[in-house]
Amino acid sequence: MSDHDHHEDGVSRRRVLECMTWAGTGVLWTVTGGVPRSLGLVESAKAAEAAGMTFLQISDSHVGFDKPANPNAKGTLEEAIEKIRAMPAKPSFMIHTGDITHLSKASEFDDAERIISQAKLDVHYVPGEHDIIDEEVKFYKERYGRGTRGPGYYSFDAGGVHFVGLVNVVDLKGGGLGNLGDEQLEWLENDLKGRSKSTPIVLFAHIPLWTVYPQWGWGTEDGARALDYVKGFGSVTVLNGHIHQVMQKVEGNVTFHTARSTAFPQPAPGSAPSPGPMKVEDSRLRSLLGVASINFKQGDQRLAIIDTPLQG
Amino acid sequence: MNSINRRDFGIAVVATALLSVGSARAEDTADPLAVHIDNFVFAPAQLTAKVGQTVTWTNRDDIPHTVVCAGKFRSKTMDTDGTFSFTFTAPGDYKYFCSLHPHMTGMVKVE
């Protein structure tokens, strides 16, 4: 982007487009009339005019990761936060869908906090499996678990939307997938009970709540039970990370979506021998971390998972 | 046949000696029992060990893994090139998995 894109009195459409597009890091969500919509390329030009509440999702920052797929995951998280700071429309808050750190080291949590706090936004976290591997499994809860239950689940309301942060990375069983567990599911059932069915619901958790690719563990064993509890609600949005790429499906009133990582890309299901970090040319890395956007419309009945193109 | 001639005896002794040397050497020089983690897979997925033998797991992925056998052993998180060893003191089938990526499973059969 060059200087002439800037207008003296504001931000040009192209400038907005660029910021919104990059915010795929960073998926920007806006709630208009109570229905969460992500702001993709198509809609991004309208973003500045979007009414209602806007919130941001970042995921899988893996602070501490320094392998060939991205020797400086801290740096790309910093870049992501910079871009968020530069957004013309300030989101109300952020959610982070886990894998804040790579190895749950205190220093990694410190670095993550220092960088993410630069966005100057409230952040609602859920842990990824990389955030609970310190010896005593205490760092995540000490830092982000205040006021949460069990390993860190909770709910809150914002802008007329009911948000539920779920933990599906604890107490995993051999041969299985992500796991919510009976206690959390019972809590969820009660949490949703008695709420008006017209309340838009956002569920967020690290591992996808729907089965993306079980061969790589990309799914949640008892996710269907959670989805049962939200069946009667008019608008349900399920936001996840873990798979380091955008994936989406719409089923009835439920929209499932995964966000990109700010650290490194992972391959499409089955396209590589393993789900491990995908090394790409340096010049392509940032496009895989942030450029492609997503867009969905309420009432879309497509059942297929949509693998959004990496660019454009 | 109630007797054995010298020559046969000699052969029998030599054969026995060779056998014992052979088996002793096998134990002394056998590679340590190793399981490697590559591409989110334990290899070999199944391994046979004798009571008293030690198995060492090595993580060769760019992602951390663990080795967990419910009620028996649990490794710390192994980062790239990290290892974990366990000495098996009782026979049995030890099914284990990675607690971070539970679709990764393996077994050590101890005889």
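## Exercises on a predicted two-chain model

In chain B, 45% of the contacts between residues at least 6 apart in sequence join residues at least 24 apart, a contact being a pair whose C-beta atoms, placed from the backbone, lie within 7 Å. The model is predicted: local features need pLDDT of at least 70, side-chain atom pairs count only at pLDDT 80 or more, and totals for chains, interfaces and linings use all residues. Residues are numbered from 1 along each chain as its sequence is written, while chains are lettered from A and ligands numbered from 1 in the order in which they are written.

**Exercise 1.** Describe the secondary structure and burial of each chain.

*Solution.* Step 1: helices (H or I, at least four residues) and strands (E, at least two) are DSSP runs, numbered from the N terminus. Chain A has eight helices and twelve strands; chain B has one helix and nine strands, in the order α-β-β-β-β-β-β-β-β-β.
Step 2: a residue is buried if 20 or more other C-beta atoms lie within 10 Å of its own, exposed if 12 or fewer, and partly exposed in between. Buried residues make up 48% of the 312 residues of chain A and 26% of the 111 residues of chain B.
Step 3: in chain A, 71% of the contacts with a separation of 6 or more involve residues 24 or more positions apart.

**Exercise 2.** Determine which residues touch the most other members of the largest nonpolar core.

*Solution.* Step 1: a nonpolar core is a set of buried Ala, Val, Leu, Ile, Met, Phe, Trp, Tyr and Cys residues joined through C-beta atoms within 7 Å.
Step 2: the largest has 61 residues, and those touching the most other members are Ile81(A), Leu166(A), Val202(A), Leu203(A), Phe204(A), Ala205(A) and Ala226(A). Helix α3 (residues 73-85) of chain A gives the most to this core, with five residues.
Step 3: a second, separate core of 15 residues includes Ile37(B), Phe40(B), Trp57(B) and Val67(B).

**Exercise 3.** Explain why the buried residues of α6(A) line one face of the helix.

*Solution.* Step 1: in helix α6 (residues 182-192) of chain A, the buried residues are Gln184(A), Leu188(A) and Leu192(A).
Step 2: seen down the axis, these fall within an arc of 65°, so they line one face; the arc is that of the directions from the helix axis to the C-beta atoms.
Step 3: the buried residues pack against β7 (161-165) and α7 (223-229) of chain A, whereas Asp182(A), Glu186(A) and Asn190(A), on the other side, are exposed.

Technical notes
Two residues are in contact if their C-beta atoms, placed from the backbone, lie within 7 Å.
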